[in-house]
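These are my notes from one sitting with a single model.

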Amino acid sequence: MNKIVVLTGAGVSAESGISTFRDAGGLWEGHDVMEVASPEGWRRNPALVLNFYNQRRRQLKEVEPNAAHFALVELEKRYEVSIITQNVDDLHERAGSSRVIHLHGELRKVRSTRNPGLIYEWTEDINVGDTCELGSQLRPHIVWFGEAVPMIELAAEEASIADAVIIIGTSMQVYPAAGLVGFADQAERIFYVDPKPAINYELSRIPGLSVFAERATSGVRKVVDELMGLA
Ligand code: APR
């Protein structure tokens, strides 16, 4: 066994103090997700959308990676590890993971609304009137509902060569991310750590799925110990 692919969702960052999306009755920090995370919401009220992500970006400065993020870094001593995350935070990078693919974008990047290839590092607020070098409004570098997921092909390639897959803290509802495990044909082991595991179609077809129905900090520790031969 050589290659490990880790698929993470909001639950891996929950114990760092970042809210998940679907645990709060469909509201995300008090907002309907479509209001703040869709092209329609952006057209309707760009200031509200910018403010929402500004708050999320500010929050990043107050949170730290937790024991689950750190445990995943240990795997790199023995394996080639790719983290495919649905999260827009940077906690995997800050914990020290060396290969992180962000499926749904990154809070610490912004991009031009005219040319999506113009992407910039950005740690402060984005305001109405902040523009790219072409003079068009900057927007968060986030994949909103209804938008394409450019990193999905790379992520599917990674999944297809994985010897083991670890899924952590995701409700497995949002496609195409939730379907990635379906590409992991070669994987000898597939683990799923989540206090409320949601067995979707792809997971239901995996014989011998190892489910840890517990929080990320404790469940990921057990999975890492097993893969490192410590358990
Ligand atoms: N440890 C592990 N998992 C946890 C924890 C914890 N401490 N606390 C909650 N969870 C689990 C929940 O049980 C749930 O299954 O995290 C999952 C969070 O699910 P969602 O809120 O749906 O988040 P996620 O699956 O990442 O959402 C996918 O949806 O809104 C979009 O683009 C957004 O990337 C996001 C995508």
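This is a predicted model: local features need pLDDT of at least 70, side-chain atom pairs count only at pLDDT 80 or more; totals for chains, interfaces and linings use all residues.

Residues are numbered from 1 along each chain as its sequence is written, and side-chain values use heavy atoms, with hydrogens and water left out.

I then listed distances between polar atoms. A polar side-chain atom of His104 is 2.8 Å from an oxygen atom of the ligand. For Glu15, a polar side-chain atom lies 3.0 Å from a ligand nitrogen. Gly11 takes part through its backbone, with a polar atom 3.3 Å from a nitrogen atom of the ligand. How much of the ligand's area does the protein cover? I noted 92% of the 730 Å² of accessible area that the ligand has on its own. The areas come from the Shrake-Rupley method with a 1.4 Å probe, and for residues only the protein chains shown count as cover.

I checked where the ligand sits, and the place is the largest pocket. A pocket here is an open set of points on a 1 Å grid over the protein atoms alone, with protein on both sides within 12 Å along at least five of seven lines; in a cavity, by contrast, a 1.4 Å probe fits but cannot get out, and lining residues have an atom within 4 Å of a point. A molecule sits in one if more than half of its atoms lie within 2 Å of its grid points.

I found His69 in helix H5 (residues 67-74). Helices (H or I, at least four residues) and strands (E, at least two) are DSSP runs, numbered from the N terminus. His69 counts as buried because its relative accessibility is 0%. The cut-offs are under 20% relative accessible area for buried, over 50% for exposed, and partly exposed in between (1.4 Å probe, protein chains only). The His69 side chain makes a polar contact with the side chain of Ser13 at 3.4 Å. A polar contact is a pair of N or O atoms within 3.5 Å; within protein, one must be able to donate a hydrogen and the other to accept it, and residues adjacent in sequence count only if both atoms are side-chain atoms.

How many salt bridges does a search of the whole structure find? I recorded 16, a salt bridge being a side-chain nitrogen of Lys or Arg within 4 Å of a carboxyl oxygen of Asp or Glu.

Arg58 pairs with Asp125, the closest N and O atoms being 2.5 Å apart. Arg58 lies in helix H4 (residues 46-60) and Asp125 in the loop between strand E7 (119-121) and strand E8 (138-142), so the pair ties together parts that are 67 residues apart in sequence. Arg58 is partly exposed at 45%, and Asp125 is partly exposed at 22%.

Glu226 and Arg189 form a salt bridge with closest N and O atoms 2.7 Å apart. This pair links helix H9 (residues 216-227), which holds Glu226, to strand E10 (residues 189-193), which holds Arg189, across 37 residues.

Glu80 forms a salt bridge with Lys3, the closest N and O atoms being 3.2 Å apart. Glu80 is in strand E4 (residues 80-85) and Lys3 in strand E1 (residues 3-8), 77 residues apart.

Most residues other than glycine have a negative phi, and most peptide bonds are trans. I noted a cis peptide bond between Tyr175 and Pro176, with omega about 10 degrees. Pro176 lies in the loop between strand E9 (164-168) and E10. Met172, not a glycine, has a positive phi of about 50 degrees. Met172 is in the loop between E9 and E10 and counts as buried because its relative accessible area is 3%.
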